Amino acid sequence: MITGKNYIGNQLLSEGNKTYKTLNPKLNIENEHTFFEASEEEINMAVSLASKAFETFKKVSRFKKAEFLNAIADEILALDTILINTYMSETGLPEGRAKGERGRTIGQLRMFADLVTNGSWVEATIDTADLDRKPIPKQDIRKMLIPLGPVVVFGASNFPLAYSTAGGDTAAAFAAGCPVIVKSHPMHAGTGELVASAIIKAAQKTGMPNGVFSNLNSSGIEVGVQLVKHPNVKAVGFTGSIRGGRALFDLASQRPEPIPVFAEMGSINPVILLPKATKSRGENLAKTYAKSITLGTGQFCTNPGLIIGIKGEALDSFIQILSNEIIKIEPSCMLHPNIIGNYERNKANALQQDGLSVTAEYDQDIAINHARQTITTVEGKTFLENTTLHQEIFGPFSLVVQCESAEELETIISNLEGQLTGTIIAENEEASTYNSVIEALQNRVGRIIFNGVPTGVEVCPAMLHGGPYPASTDSRFTAVGIHSIKRWVRPFSYQSWPNDLLPDELKNENPLHISRLVNGIQTNESI
Ligand code: NAP
């Protein structure tokens, strides 16, 4: 049941007097529930509970933590149709997408449960003593990863489940041993509260401390700002716009005690069309890209917003087919009038730039809050000189840049901002003749794709979802997959510490049977 209240630990509270509702973008009407924005007092209570909970939660055994994560997955599934219907009414997204995203969310929670059950993720490293070493005796030193403390998570508008309340950031933080305070996304506050109720139920059923989780409503930036400034908050996870992520990053670094902000932000995901592949597979590529650009109404951070090729008949034909194909696709609903407002405004701004021409724009009647897919093109030189054209237009939009030569292509790639992904479309033998183009792309992105589309982010250990700024605020980390846990921990060393006082992960007898690096050798053996 949705109450519109805030979860301050296990308690539902509505002390604040600012209220708001979510909107059904398909029907363009407000949904029924009223949400109470968290008050300053409620924010302080949530952080104070999280700090207390941390003292217990960080010591919870790996099996109990896994039980908690699996219980969250079970409770989310138990919400069944109420969750799916609320998701659809707050996003305008179809049932298949809602169920698919729920599956991804459940999968992520269970993946982290398996990770903590195995236990080796703490990267235990042991260098035993050699007290006879000359001229200086070598001390016994043992290192492992330990949790940072309370983490604040900001979810994204476009992933109400997988990158929001119990999404990847939250699952990874719990797995690390960090309590989580979610700043609920105002566009899907009902979905957020339902998922929050599943987390609270799971926490109570598995005996987790009160305050291990809180969910705070807000319809503006104030709650988030107060949370990031709070001295007891130790890290921030953010998925959203560059403007929002950068504002929070700056705020966190100006605190008396700066804290890390792991922000996954916008990207235009350049796709490089090499000439031979464009010639031999242009038609199929154009059809595939028409679908990728419009997938989810273009509301994916991995949407291919920029396609770059070398001038010629093959590229002309690709642009022509892409333009014809994209307008055959039925326009779909965007998440919120604000999102479509931004799309229209950013697109209009791009279209005003000198040298940009529209090759396709859906021009039939469309339903309210639906977006007109658009393809544009520009000369390489113009693109290079005008960085306004390098900015993300969140929605079903793509710009095809026509370069004079491979040199110009490489220069353009080198002048792009950091990106989540880069894609090379090439014949196998062609790729090796464009080594410097590929290397230039590698310098700018977090993931490089060969002959595919950037949309679709597999959740697996080898995935890197991040990239050089402004794709993320720290390119050394991923927001997707098990290694995302590393954002919420710090390495910690014990020197000459008595064996029985060490955590189990570092004890001589290796009671958890985890894999450890002992005197330079990876082993599950005891010492
Ligand atoms: P958004 O407008 O940045 O909002 C995200 C959250 O941050 C909201 O809860 C928002 O609160 C809060 N926020 C924004 N600016 C803030 C500020 N200055 N101070 C404090 N809080 C602030 O982003 P969105 O509309 O949800 O998502 C669209 C964007 O996300 C696109 O650019 C897309 O590319 C990006 N995205 C990136 C990824 C990725 O993994 N890299 C994934 C999905 C989406 P309020 O709404 O209450 O103001």
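**Rings and cavities in a predicted model**

Visitor: Which ring does the charged end of arginine 97 sit over?
Guide: This model is predicted. In it, the charged end of arginine 97 lies 4.9 Å from the centre of a ring. That ring belongs to phenylalanine 159.

Visitor: How many aromatic pairs are there, and how is the pair of phenylalanine 159 and tyrosine 163 classed?
Guide: The count is twelve aromatic pairs. In the pair of phenylalanine 159 and tyrosine 163, the ring centres are 4.8 Å apart. Their planes meet at 85°, and over 60 degrees counts as edge-to-face. So this pair is edge-to-face.

Visitor: Is phenylalanine 159 buried or exposed?
Guide: Buried means under 20% relative accessible area. Phenylalanine 159 has 11% relative accessibility, so it counts as buried.

Visitor: How is the pair of tyrosine 494 and tryptophan 497 classed?
Guide: The two ring centres are 5.9 Å apart.

Visitor: What is the volume of the largest cavity?
Guide: There are three cavities of 30 Å³ or more. The largest is lined by 15 residues, with Ile268 and Gly305 among the closest to its centre. Its volume is about 100 Å³.

Technical notes
Residues are numbered from 1 along each chain as its sequence is written. This is a predicted model: local features need pLDDT of at least 70, side-chain atom pairs count only at pLDDT 80 or more; totals for chains, interfaces and linings use all residues. Side-chain values use heavy atoms; hydrogens and water are left out. Rings of Phe, Tyr and Trp (its six-membered ring) pair if their centres lie within 6.5 Å; planes under 30 degrees apart count as stacked, over 60 as edge-to-face and the rest as tilted. Buried means under 20% relative accessible area, exposed over 50%, partly exposed in between (1.4 Å probe, protein chains only). A charge sits over a ring if NZ of Lys or CZ of Arg is within 6 Å of the ring centre and within 35 degrees of the ring normal. On a 1 Å grid over the protein atoms alone, a cavity is a set of points where a 1.4 Å probe fits but cannot get out, and a pocket is an open set with protein on both sides within 12 Å along at least five of seven lines; lining residues have an atom within 4 Å of a point. Grid points are joined across faces, edges and corners, and a volume is the space filled by probe spheres set on the points.
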